[in-house]
Amino acid sequence: MKVSLTRRYRFAASHRLHTPRLSESENQRVYGKCSNPYGHGHNYSVEVTVSGPIDPATGMIANLAQLDPYVETRILEAFDQKYLNEQVPEFAPEKSLVPTTENLCRVIFQRLKGFPLAHLDRVRIEETSNNSFEIEESLDAAA
Amino acid sequence: MIRITRKVEFSAAHFYHNPNFSPEENLRLFGKCNNPHGHGHNYTLEVTIAGEPDPTTGMVLDLKELKEILQTEVIDRMDHRHLNYEVPELAGQIPTCENIAALIWKLLLPRITRGQLDRVRLYESPDLFVDCTASNSNHNGARA
């Protein structure tokens with residue numbers, strides 16, 4: 001039996017899907033209204049899944065008193081109420097990384113994978129209640 | 001292979017305390033969950049069974065049968081109970097979501113005789129859940 005723990009966090013941020021690799025008309029064709037030059041926003045919900053042995057002394061895989069601040073400083077403080085294209089270094093214009101939620105999964109996974117107290121298995125993001133994206137270490141070469 | 005999932009809910013009280021640690025250490029480790037008067041949650045349990053549908057009934061496992069198993073093994077044992085005092089199988093353990101989910105997995109495993117127990121997911125709140133899966137499961141993370 002394998003045991004994992006999943007914690008959900010929330011942040012709100014704006015983004016614009018647009019790449020200089022494509023022409024304006026191509027951007028419009030690919031991204032549609034998501035390419036509106038002024039950007040738009042979402043209430044993101046992020047599920048962070050960690051696994052590992054249950055510590056018999058605490059009954060826990062990872063103490064939330066340690067996981068929560070780890071996510072708070074690396075994700076929520078960096079992303080909440082921000083414009084992802086301009087204010088998150090991974091999406092800076094010179095990086096040419098479009099802040100789709102696919103790419104956001106990879107960025108968040110990279111920011112959290114150093115969590116020292118348990119193994120990071122998965123990051124799942126709901127961009128809206130209808131759209132979700134997830135990255136699992138074993139299934140993604142970039143994880 | 002098909003997966004089927006049944007959801008049940010139960011409400012229970014618990015608190016976290018390790019008698020091997022000082023009161024200060026307990027408070028540091030467990031915070032407000034260390035309150036000796038306890039507190040409670042509405043737990044949501046999702047149990048997933050995987051298997052081939054029976055050619056005659058079209059079912060992996062009759063969900064009615066699974067419902068009865070969950071009633072006997074989980075609801076009768078834990079609903080409206082204090083997990084620290086009233087569930088003998090948790091004696092000597094901190095009744096965290098991890099330990100409760102692992103206990104439920106162990107209780108259900110011998111009771112599932114058609115299909116295979118694939119996943120036990122226990123929500124302590126909408127923002128916190130634990131998954132137990134078979135070690136050889138194709139669930140690498142927490143999700144089907």
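This is a predicted model: local features need pLDDT of at least 70, side-chain atom pairs count only at pLDDT 80 or more; totals for chains, interfaces and linings use all residues.
This is a short talk on a two-chain model, going from each chain to the contact between them.

Let me start with chain A. How many helices and strands does chain A have? Four helices and five strands. If you walk along the sequence, the order in chain A is β-α-β-α-β-α-α-β-β. Chain A has 143 residues, and 34% of them are buried. Now, take the contacts in chain A between residues at least 6 apart in sequence: 65% of those join residues at least 24 apart.

Chain B, then. Here we have four helices and five strands, and from the N terminus the elements read β-α-β-α-β-α-α-β-β. The C-alpha trace of chain B spans about 60 × 30 × 25 Å along its principal axes. Of the 144 residues in chain B, 35% are buried. For contacts in chain B with a separation of 6 or more, residues 24 or more positions apart account for 65%.

Back to chain A for a moment, because there's a helix pair I'd like you to look at. Helix α2 of chain A, residues 64-79, packs on helix α4 of chain A, residues 101-112, with the axes 10 Å apart and an angle of about 140°. So α2(A) and α4(A) count as oblique to each other; the cut-off for roughly antiparallel is over 145 degrees. The crossing of α2(A) past α4(A) is right-handed. Which residues make that contact? From α2(A) it's Val71(A), Arg74(A) and Ile75(A), and from α4(A) it's Ile108(A), Arg111(A) and Leu112(A). Sorted by type, the contact of α2(A) with α4(A) has four nonpolar residues, two charged and no polar ones.

Chain A puts 24 residues into the contact and chain B puts in 25 residues. On the chain A side, the elements giving two or more residues are β1 (2-15), β4 (119-128) and β5 (131-136). Which element of chain A gives the most? That's β1(A), with seven residues. The chain A side as a whole splits into nine nonpolar, seven polar and eight charged residues.

And what does β1(A) pair with across the contact? Strand β5 of chain B, residues 128-133, in the antiparallel sense and over six bridges. If you want to find this on the screen, go to Ser4(A), whose bridge partner in β5(B) is Asp131(B). Then look at Arg7(A), which stands opposite Leu128(B) of β5(B).

Strand β4 of chain B, residues 116-125, pairs with β5(B), antiparallel and over six bridges. How many residues sit between β4(B) and β5(B)? Two, and the two strands form a hairpin.

Last point: why can we call β5(B) largely enclosed by the rest of the structure? Because five of its six residues are buried, where buried means 20 or more other C-beta atoms within 10 Å of a residue's own.

Technical notes. Residues are numbered from 1 along each chain as its sequence is written. Chains are lettered from A and ligands numbered from 1 in the order in which they are written. Two residues are in contact if their C-beta atoms, placed from the backbone, lie within 7 Å. Ala, Val, Leu, Ile, Met, Phe, Trp, Tyr, Cys and Pro count as nonpolar, Asp, Glu, Lys and Arg as charged, and the others, Gly among them, as polar. Two strands pair if DSSP finds at least two bridges between them. A residue is buried if 20 or more other C-beta atoms lie within 10 Å of its own, exposed if 12 or fewer, and partly exposed in between; C-beta atoms are placed from the backbone. Axes are lines fitted to C-alpha atoms, for helices over the stretch in contact, and angles run from 0 to 180 degrees between N-to-C directions. Angles under 35 degrees count as roughly parallel, over 145 as roughly antiparallel, 65 to 115 as roughly perpendicular and the rest as oblique. A crossing is left-handed if the near helix is turned anticlockwise from the far one by less than a right angle, and right-handed if clockwise.
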